[in-house]
Amino acid sequence: MKKEKLFGFINIKKKEKEEKKPKPNKNPNSQTKSESEREGMSSRGGKLSSSSSELDLDGPNIEDYLPSGSSINEPRGKLRLRDLLDISPTLTEAAGAIVDDSFTRCFKSNPPEPWNWNVYLFPLWCFGVAVRYLILFPARVVVLTIGWIIFLSSFIPVHFLLKGHDKLRKKMERVLVELMCSFFVASWTGVVKYHGPRPSIRPKQVFVANHTSMIDFIILEQMTAFAVIMQKHPGWVGLLQSTILESVGCIWFNRSEAKDREIVAKKLRDHVQGVDNNPLLIFPEGTCINNQYSVMFKKGAFELGCTVCPIAIKYNKIFVDAFWNSRKQSFTMHLLQLMTSWAVVCDVWYLEPQNLRPGETPIEFAERVRDIISVRAGLKKVPWDGYLKYSRPSPKHRERKQQSFAESVLLRLEEK
Amino acid sequence: MGNASSMLTQYDIEEVQDYCHNLFSQQEIVSLYQRFCQLDRNAKGFISADEFLSVPEFAMNPLSQRLLKMVDGLNFKDFVAFLSAFTAKASVEQKIQLIFKVYDSDGNGKVSFNDILEVLRDLSGSFISDDQREQVLTQLLKEAGYSRDSYLMLDDFIKVFGSSGLKMEVEVPVD
């Protein structure tokens, strides 16, 4: 019980506060400033919307889910000096955040617990390491190399020789990309169980999934050649992105470019309208999360006017922790780690397609789909924007706290 | 104990426990150490201001800048000592002392009218005017027997807070 209060783990239904007034969302002051301050809670791919109802619901109110006691608590009659000087609620919140916070928990990779701690287990573990590094790893490298050779020797001719016959070319490239992804999955001894009806190629639909690592994309691509929207990476990944993945219709974005969002939003819209394009796969969290939590979904995928098909992915941690902690390792290291583990075991659920309900805003729609995916994959939901990994929270949140403090002071002043 | 190796020995734990006057249990100290290492990304032995600010809940707090001055660059022992004021076992005096230190940003042992005003400004932002803040504070000081020019010491704070308990507690998760 106390822990819940401290970390504020959430249900979508709002927790009720004891004595506080509901947060004044519809404050004229904050509305005019909100355009520029949407950084922390803004969505990728969403234009800065103009309807006032959208402005209010930037996202579910973080303050409703966080423990709070800030402001001068219960109105206890006349305001005294002690009440003004008592900053303990605010300090408690800050100390609570220092001691533990639900955002950092999303990115905690779980190192495998050492079990090799005695006389007979240790040699067994050493043996295991030897098998993994000296037998499995080279075998997998060979498999992967063969895969690359087959792929490149088929892809390059197809790409250049069939320039004129676009439909046939696209079909073959799709098959080849799916094949290449299967080789990748084989190189980690991937055991993937797919549940549910396979994605069909229809117009006006997008697929959304929770994001743990870039291998999510490979695992899904193995089954269906999706066009995915991804962050443009440097290095060999970037090279692959601009050459091969381009052919499947992938869209790139750059987190650090501010103007990028509108351009990307347009590309998304154009893509879903096209009949021949591969189905679009979006990871609305915007960043890799550790497969135990889910952060808020960006609404960009949910306001394209299409059916949204949720996909839930859950990795079995016993075999390997598939979370790609991009702060700790490069993708190459991550792949190598996977290739020297026993297996990558995961479940993929293709869930029932959802549509925007009448009267539902895109943000509510996004939360509803997040709920569906989180329940299926056993993820705890946290009310944070994944991009807070890269930037500071918007000053708007601090201002909300300041406002509620100011209001209680003024309210109590009037009491005589 | 200055450098953050990832293992704490029993001696280390006892040293830290001693340093914070037994306000934390040994398990809590181990948990805090894990947290410290999690925040201190490159194992420098202290947590930088930037790393504190990467915790969104902390960055959103109106007093974060003031607290940063107090916690920036602390090694693990001092980190625990700082947090010990937030335990249930800590005395009310210790808690008031922490509050006093937050107000007394220049550390000269006295809290002036302006010091209090600045904290109020952090807490209420642009939602109360400067004039109004001054007015309220002057009035309340007068009612409590002080004037605009008085300097409040720790004893004054203790007197003002009086005997009505102070609730300032944080629970350290122990898995």
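In chain B of this predicted model, residues B:F76 and B:F79 both belong to helix α6 (residues 76–83), where three residues, about one turn of the helix, separate them. Both B:F76 and B:F79 are buried. Their ring centres are 6.5 Å apart and their planes meet at 35°, so the pair is classed as tilted; planes under 30 degrees apart would count as stacked, and those over 60 as edge-to-face.

Over all chains, the structure holds 22 aromatic pairs. Another of these joins A:Y194 and A:Y350, with ring centres 6.2 Å apart and planes at 10°, and this pair is therefore stacked. The two tyrosines come from separate strands of chain A: A:Y194 lies in β1 (residues 190–195) and A:Y350 in β8 (residues 344–350), so the pair ties together parts that are 156 residues apart in sequence. A:Y194 has a relative accessibility of 15% and counts as buried, because the term applies to residues under 20% relative accessible area. A:Y350, with a relative accessible area of 7%, is buried as well. Also in chain A, ring pairs link A:W148, A:F151, A:F155 and A:F184 into a cluster.

Aromatic rings in chain B also take part in arrangements with charged side chains. The charged end of B:K44 sits over the ring of B:F46, at 5.3 Å from the ring centre. In a second case, the charged end of B:K110 is placed over the ring of B:Y151, and the distance to the ring centre is 4.9 Å.

The contact between the two chains was then examined. Chain A contributes 50 residues to the contact and chain B contributes 58 residues. About 5,100 Å² of area is buried between chain A and chain B, and carbon and sulfur atoms give 70% of this area. Two salt bridges are found across the interface of chain A and chain B. One of them involves B:R35 and A:D101, whose closest N and O atoms are 2.7 Å apart. The interface of chain A and chain B also has 11 residue pairs in polar contact, with both residues of each pair at pLDDT 80 or more. On the side of chain A that touches chain B, several helices each supply at least two residues: α1 (2–7), α4 (62–65), α5 (81–85), α6 (88–99), α7 (102–105) and α15 (395–414).

Notes: Residues numbered from 1 in each chain as written. Chains lettered and ligands numbered in written order. Heavy atoms only, no water. Phe/Tyr/Trp six-rings, centres within 6.5 Å; stacked < 30°, edge-to-face > 60°. Helix = DSSP H or I, 4+ residues; strand = E, 2+ residues; numbered from the N terminus. Buried < 20%, exposed > 50% of the residue type's maximum accessible area, 1.4 Å probe, protein only. Lys NZ or Arg CZ within 6 Å of the ring centre and 35° of its normal. Contact = heavy atoms within 4.5 Å. Buried area = accessible area lost by both parts, 1.4 Å probe. Salt bridge = Lys/Arg side-chain N within 4 Å of Asp/Glu carboxyl O. Polar contact = N/O pair within 3.5 Å; in protein donor to acceptor, adjacent residues only side chain to side chain.
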